Amino acid sequence: PRSKTIADLQALKHHPDGSVPIVCLTAYDFPTALSIRSADIDLCLIGDSLANVALGHTSTQPLSLEAMIHHCQAVKRGLDAPLFSTAALLDGVDLPRPPLVIADMPFGATFGSLDFGVAAVVRLIQESGVDGVKIEGSYETIPLIQRLTDHGIPVMGHLGLQPQRVGSTSGYRLQGRTAQQAKEMLDAALALEQAGCFSLVLECIPTRVGEHISKKLSIPTIGIGAGSKTDGQILVMNDMIGDLTGAGHVLAQLAEVDSGNGGGAETAALPKMSELTPPAPKFVRNFSLPLGTSIGAMRVAAVQAYTAAVRERRFPDDDVEGYKIKSDEWKAFL
Ligand code: KIV
Ligand code: NA
């Protein structure tokens, strides 16, 4: 089936019967990409959180362009793979359309001259086949974004918490919590829209600020820790399935985003293991089956449960997973 497009995402925000939440999720390798294809995900991001969750770094800064390309290629192979299992799993239902695929530009890859940044973006797209890129940052990113979008390259912006700036922000913290910060973020968001971004990620900001910026922009906003009122949601795959390590885990350890241990849990129906695993050779024994299921089945169940929860507006729950802005700051902002 035909992959999702920017136009599809815009249409979800501006649906005549009311907006439909945009479902996004990260992937980093072949198996995570396969699980993405088991659900109707609108956008798949190869986030530079891969530095944390797949490579074990304590920040996103060590990630090289080469490493990002290497992982994007693996994800693309997963998204494009003939699906041995998910067709059966979905019980005769048509396979969902593959998502739009966006890759993060790694730290430093776009910091030099315009030509340097353009070359890095073009190389990533040509060598990995992703549809477009995400560039973290504010006004400093605009000349490059303008140039890329002038050439028809899809670019997503990223405001709020910017993990690539962990040094200068002295850790990972809630952003946009004062009137001044919220105002600056709104202005930057409008400037990014003006520069041609097709969408904007908002990370770790109060729910009301996420809602307000989303209303002011005509491009779709995708929130992570930005409340239930952004046009779409994204999570880091490894955080969402509760893997041994995750970006959220690293963030919580390193600084004071919050003292929480993640929001609520969701009960997912487990697909049958037999429908999910290609036949293995005789010498293989599956040691996860005695535990009740396979890792693959759990991943698929979680991706499907997440997709349903976002689309039905059951995730996030602002009381549990959202951040508040003080009412005097909010009034001063408006
Ligand atoms: O790197 C990442 O995964 C991101 C997100 C928006 C989750 O930038
Ligand atoms: Na990122």
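Modeller: A residue counts as buried if 20 or more other C-beta atoms, placed from the backbone, lie within 10 Å of its own, as exposed if 12 or fewer do, and as partly exposed in between. Helices (H or I, at least four residues) and strands (E, at least two) are DSSP runs numbered from the N terminus. The model is predicted, so local features need pLDDT of at least 70 and side-chain atom pairs pLDDT 80 or more, while totals for chains, interfaces and linings use all residues. Residues are numbered from 1 along each chain as its sequence is written, and chains are lettered from A and ligands numbered from 1 in the order written.

Colleague: How many of the ten residues of helix α9 are buried?

Modeller: Helix α9 spans residues 207-216 and is mostly covered. Its buried residues are T207, R208, V209, G210, H212, I213 and S214, and the number buried is therefore, by the cut-off of 20 or more C-beta atoms within 10 Å, as computed for α9, seven.

Colleague: Is K326 buried or exposed?

Modeller: K326 lies in the loop between α13 and α14. Because 12 other C-beta atoms lie within 10 Å, K326 is exposed.

Colleague: Which residue in β8 is the bridge partner of L25?

Modeller: Eight strands close into a barrel in the order β1-β2-β3-β4-β5-β6-β7-β8, with parallel pairing, where two strands pair if DSSP finds at least two bridges between them. Strand β1 (residues 22-26) is joined to strand β8 (residues 232-235) by four bridges. Within β8, the partner of L25 is L235.
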